[in-house]
Amino acid sequence: MSATERLFWQDPYQRHFRAWVMETLTFKGQPAAVLDRTCFYPTSGGQPHDLGTLGGIPVVEVLEEEGGKIIHLLERPLMLGPVEGEIDWSRRFDHMQQHTGQHILSQAFERELNAATTSFHLGSEVVTIDVAIPTLSPKEAARVEALANRIVIEDRPVHAKEYDEEEASSLPLRKAPVVHGRIRIVEVEGFDLSACGGTHVRRTGEVGPIHIRRWERRRGQVRVEFLCGWRALEDYAKRDRLLQEAANQLSVGTEELSEAIQRLQKAEQLARRTAESLRKRLLDYELPQLLAEAEPLGEMRVLCRLLEGYDAGNMRYIAQNLTQTPGIVALLAVTEPSPQLCFARSENLPLDMSQLLRQVVAPYGGRGGGRPHVAQGGGVAPEDLEEILQKAKELLR
Ligand SMILES: [Zn+2]
């Protein structure tokens with residue numbers, strides 16, 4: 001069968017059409033139809049397919065076969081004969097804005113940074129191009145974006161024209177054709193010439209704002225994420241709302257937001273330092289009491305405690321201070337920020353705390369180490385800490 005007539009090339013603004021169902025088939029397990037002509041754009045050249053209906057039946061995918069036959073995958077089968085089609089215009093117009101925007105942005109990268117576009121992807125959320133430069137600075141991105149938006153504001157005409165291969169090869173094309181025979185060239189007047197089979201807006205003004213949102217280095221190139229038209233406006237509105245919400249929460253204007261965050265960070269640092277110093281003072285106050293609680297065991301006294309309200313740093317501080325007194329063994333544990341143990345002894349006792357700690361945590365999947373007079377460990381479940389401490393105490397007997 002011959003190629004499907006592409007109404008979207010004659011008029012990309014046509015949304016409604018009449019055609020003839022020439023062939024019905026099953027494709028990828030789905031009912032499908034081939035028409036003599038169609039407004040439905042098939043996935044190709046980085047632009048996704050259209051959606052819409054044929055004879056009231058939803059079209060779920062559109063693809064192109066070699067030889068130019070366009071296949072419409074349908075929710076339900078269609079009969080041979082005449083049919084009316086309607087494309088989802090908001091989806092198509094969005095694709096036109098993004099695609100023409102991409103041509104403009106790619107040419108802006110060529111002019112400002114001498115950087116070629118090596119691939120284009122138009123997704124439902126993000127649009128990206130890969131650009132052949134190793135890095136991109138924020139200043140360079142701003143220059144490219146400014147040039148692209150200047151071309152938009154100049155509202156230049158956009159045309160598509162077919163040439164034969166020889167004529168096309170003499171044109172200063174940004175993107176060389178991948179097809180042979182008749183070649184379709186899309187021109188942004190006085191700015192960009194590219195071989196392209198996509199659907200484009202009539203004038204650059206319809207693209208609307210072009211916004212480079214972010215970029216990342218990828219396999220020696222830069223992948224640039226951008227939004228055009230309504231997508232860019234929605235993104236600006238969303239960011240504006242977020243900024244306003246953040247400013248409201250801090251009771252400042254959006255202009256003062258950065259300053260307010262700095263103030264908040266300083267206040268938080270100060271609060272943390274104050275809490276830390278108060279906790280140390282409280283510890284110093286509690287140390288004599290903890291020492292008094294140590295149980296006599298032969299020649300030594302043992303303090304065996306799961307400490308609550310203290311972290312690992314505080315635990316080390318307690319262990320160090322208690323063992324300044326001769327004859328003390330401290331077997332301590334905390335749950336914050338994670339379950340940890342600290343075993344320590346006074347200088348005058350001939351015990352190996354590192355060995356003791358490793359021995360008691362091993363059956364619980366824990367690990368530890370240190371020196372003979374002080375050792376630390378972790379990697380155990382918080383609910384096992386009490387039991388581990390008791391085992392260590394029994395081993396000391
Ligand atoms: Zn294109």
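Analyst: Start at Ile 104: setting aside residues up to four places away in sequence, Ile 104 touches Ala 148, Ile 151, Val 152, Val 188, Phe 191, Thr 204, Val 207 and Ile 210, where contact means heavy atoms within 4.5 Å. A word on the ground rules: this is a predicted model, so local features need pLDDT of at least 70 and side-chain atom pairs count only at pLDDT 80 or more, while totals for chains, interfaces and linings use all residues. Residues are numbered from 1 along each chain as its sequence is written, and side-chain values use heavy atoms, with hydrogens and water left out.

Ile 104 belongs to the largest nonpolar core, which has 55 residues, and Leu 54, Ile 104, Leu 105 and Phe 109 are the ones that touch the most other members. Such a core is a set of buried Ala, Val, Leu, Ile, Met, Phe, Trp, Tyr and Cys residues joined through side-chain atoms within 4.5 Å; buried means under 20% relative accessible area, exposed over 50%, and partly exposed in between, using a 1.4 Å probe and protein chains only. The top contributor is helix α2 (residues 89-113), with 8 residues. Helices here are DSSP runs of H or I with at least four residues, strands are E runs of at least two, and both are numbered from the N terminus. Domain 1 (5-87) and domain 2 (93-245) both supply residues, so this core lies between them; the domain bounds come from an automatic or database domain assignment. There is also a second, separate core of 24 residues, with Met 300, Leu 306, Val 361 and Ala 375 among them.

Domains 1 and 2 come up again at the largest pocket, whose lining takes at least three residues from each. A pocket here is found on a 1 Å grid over the protein atoms alone: it is an open set of points where a 1.4 Å probe fits, with protein on both sides within 12 Å along at least five of seven lines, and lining residues have an atom within 4 Å of a point. Its volume is about 520 Å³, counted as the space filled by probe spheres set on the points, with grid points joined across faces, edges and corners. Of the 20 lining residues, Trp 9, Val 178, Val 179, Cys 196 and Gly 197 lie nearest the centre.

Leaving out neighbours within four places in sequence, Leu 303 is in contact with Leu 290, Glu 293, Ala 294, Leu 322, Val 329, Ala 330, Leu 331 and Leu 332. Leu 290 is 13 residues away in sequence, with 7.5 Å between the two C-alpha atoms.

Now for the outside. Ala 292, in helix α6 (residues 257-293), is exposed, with a relative accessible area of 60%. Lys 28 is exposed too, at 57%, in the loop between β2 (16-27) and β3 (30-35), and has a positive phi of about 50 degrees despite not being a glycine. Asp 155 likewise has a positive phi of about 50 degrees, but counts as partly exposed at 30%; its loop runs between α3 (138-153) and β11 (158-163).
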